[in-house]
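Q: I would like to learn how to read the features of a protein structure one at a time, with the general idea before the case. Could we work through it together?

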Amino acid sequence: MISKITKIKSKKNRTKIVCLTAYSKNIAQSIDKHTDIILVGDSLGSTLYNFKSTRSVTLEMMIKHSKSVRQGVSNSLMVVDMPYNTYNKPSQALKNCKKVMKITKCDAVKIEGGLKIIKIIKCLIKNNIPVMGHLGILPQTTKGKFKSKGKSTKERNEIIKDCKLLEEAGVFSIVLECVERKLANKISNLIKIPTIGIGSSNNCDGQILVIDDVLGLTDSKMKFVKKFVDVKKLITEGAKKFEKEVKSNKFPSRKYSY
Ligand code: KIV
């Protein structure tokens, strides 16, 4: 049987790869048929917990949310983000990734960085842990405002070098966050594994967005965020209708009572 990872890799240059985040079972279940990859992103820190950065997200939080997501995923490849400070050295990374894979039954993990963490990535892959890379803006280590990456030659060369290193190390795909479109194009043509863009143009092999942004549940002002539906409006409408029926004694009628 072809593995889900082989399937994802084989989509390069054939069909765009569709990825979304999910942090709970019900959302995962609702999107699973329309996604190739579901990422339990550490963006849950800002999206759900109002943290200022993803640095406050813990391994325990990722495991709890991933266990919930697992219940809703059957079609997509499920990837779990390893949070900040959980992969500082190979032995620590291996211990934590093994724990995440075992408890959440996810298919792969994602970690941020290139050259600086290459030994860690090699160690994980050697130990049969599938890894998704993440380059460009790295939210776990970027301080201040998120800007785009690839403006200077030095920055461009660094990202290209990192992409090649990650590919050689054996990652199955790379998220490119806020990478300028020309550079995203160059990288996507250069490497054989799929690039998954967020704010990095349609030159990437696939796209990922945070599900709460897609559903209109957040007020994100990021340039790359597109609200595809306004679920917040629907939730408010539902609550308003409920309020009206409770106050007018219409709900619960006999039909909804024991
Ligand atoms: O944490 C996250 O959700 C992510 C993606 C949006 C790429 O890393």
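A: Let us begin with accessibility: a residue is called buried under 20% relative accessible area, exposed over 50%, and partly exposed in between (1.4 Å probe, protein chains only), and Asn85, at 43% relative accessibility, counts as partly exposed. This is a predicted model, in which local features need pLDDT of at least 70 and side-chain atom pairs count only at pLDDT 80 or more, while totals for chains, interfaces and linings use all residues. Residues are numbered from 1 along each chain as its sequence is written, and side-chain values use heavy atoms, with hydrogens and water left out.

Q: Where does Asn85 lie, and with which side chain does the side chain of Asn85 make a polar contact?
A: Helices (H or I, at least four residues) and strands (E, at least two) are DSSP runs numbered from the N terminus, and on that scheme Asn85 sits in the loop between β3 (77-81) and α5. A polar contact is a pair of N or O atoms within 3.5 Å; within protein, one must be able to donate a hydrogen and the other to accept it, and residues adjacent in sequence count only if both atoms are side-chain atoms. Here the side chain of Asn85 has such a contact, at 3.0 Å, with the side chain of Asn88. As for the chain around it, the C-alpha atoms of Asn85 and Arg55 are separated by 8.0 Å, although these residues are 30 apart along the chain.

Q: Is Ser188 buried or exposed, and which side chain does a polar contact join to that of Ser188?
A: Ser188 belongs to helix α8 (residues 181-190) and counts as buried because its relative accessibility is 5%. The side chains of Ser188 and Thr195 are joined by a polar contact of 2.8 Å. Lys182 is found in helix α8 too, but Lys182 counts as exposed, at 73% relative accessibility.

Q: How many salt bridges does the count come to?
A: A salt bridge is a side-chain nitrogen of Lys or Arg within 4 Å of a carboxyl oxygen of Asp or Glu, and by this rule the count comes to eleven salt bridges. Among them, Asp36 and Lys11 meet through their side chains at 3.6 Å, N to O. Asp36 lies in the loop between α2 (25-31) and β2 (37-40) and Lys11 in the loop between α1 (4-10) and β1 (17-21), so the pair ties together parts that are 25 residues apart in sequence. Both Asp36 and Lys11 are buried.

Q: Which residue forms a salt bridge with Lys110, and which residue forms one with Lys154?
A: Lys110 forms a salt bridge with Asp81, the closest N and O atoms being 2.8 Å apart. This pair links distant parts of the chain, with Lys110 in strand β4 and Asp81 in strand β3, 29 residues apart. Lys110 counts as buried at 2% relative accessibility, and Asp81 counts as buried at 3%. Lys154, in turn, forms a salt bridge with Glu158, for which the closest N and O atoms are 3.8 Å apart. Lys154 and Glu158 are four residues apart in helix α7 (residues 153-169), so they are separated by about one helical turn. In this pair Lys154 is exposed, at 63% relative accessibility, and Glu158 is partly exposed, with a relative accessible area of 43%.

Q: What should I look for in the backbone, and which residues does a cis peptide bond join?
A: A cis peptide bond joins Phe251 and Pro252, with omega at about -5°, and Pro252 lies in the segment after α10 (231-247). Asn249, placed in the segment after α10, has a positive phi of about 65° although it is not a glycine, and Asn249 is exposed, with a relative accessible area of 66%. Asn128 likewise is not a glycine and has a positive phi of about 65°; Asn128 lies in the loop between α6 (118-126) and β5 (131-136) and is exposed, with a relative accessible area of 68%.
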